[in-house]
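Please look at the sequence and the model below.

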Amino acid sequence: ALRRPTKAESRFMAYDAIVHGARGILYWGTQFVEKDSAFWRELLEVIAELDGLQPVLTAPDAAKQPQVSLAPSYGSGDRGVDVLAKSRPEGDWLLVVNTWSEPLTATISGFDAKEKTAYRIAGQQETFPVENGGVTLSMPRYSVLVLEPVAGT
């Protein structure tokens, strides 16, 4: 049976496209979506999130893009976490997507992260410290993290 994507799926698809080079997203066919449907409300929430991040999304890609190393896990070698660093005055922001069908733990390094710095999920309090030049994250399957730098932690 046909179904519409969930909010998490719509969000994943948007960020996956951005991390892989998209610089614009068009939601074709929205004229056929019932404006009182859960799908419509959730799609608008994803669009509002992207709109709120326009200063980050339109920032230039960082000169130094991150490298990702994965912790051992069950599954094939084609699993992956992909990252795009965006250069902002406060430091590089990281757009991180787990493109694998299982949870993964990734260490992101090789970008301009400074020791005594941390990252947090945009709009949240939990921080991930930069240790040995990298940030280690556990990510659910097909998930997205937008990480903002937090100085002086």
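Which residues of H1 are buried? They are Ser10, Phe12, Ala14, Tyr15, Ile18 and Val19, where buried means under 20% relative accessible area, with a 1.4 Å probe and protein chains only. The model is predicted, so local features need pLDDT of at least 70 and side-chain atom pairs count only at pLDDT 80 or more, while totals for chains, interfaces and linings use all residues. Residues are numbered from 1 along each chain as its sequence is written, and side-chain values use heavy atoms, with hydrogens and water left out.

Helix H1 covers residues 7–19; helices (H or I, at least four residues) and strands (E, at least two) are DSSP runs, numbered from the N terminus. From the first C-alpha of H1 to its last is 18 Å, close to the 18 Å expected for its 13 residues at 1.5 Å a residue; the expected span is 1.5 Å times one less than the number of residues. The buried residues of H1 pack against several elements, including helix H2 (38–52) and strand E8 (144–150). After H1 comes Gly21, with a positive phi near 115 degrees.

An open sheet is formed by 3 strands in the order E1-E4-E7, with antiparallel pairing; two strands pair if DSSP finds at least two bridges between them. Strand E1 (67–70) and strand E7 (134–139) are the edge strands, each pairing on one side only. E1 pairs with strand E4 (residues 104–109) over 4 bridges, and Val68 has Ile108 in E4 as its bridge partner.

Val130 sits in the loop between strand E6 (127–129) and E7. Val130 counts as buried because its relative accessibility is 5%.

Terms used. Buried means under 20% relative accessible area, exposed over 50%, partly exposed in between (1.4 Å probe, protein chains only). Contact means heavy atoms within 4.5 Å.
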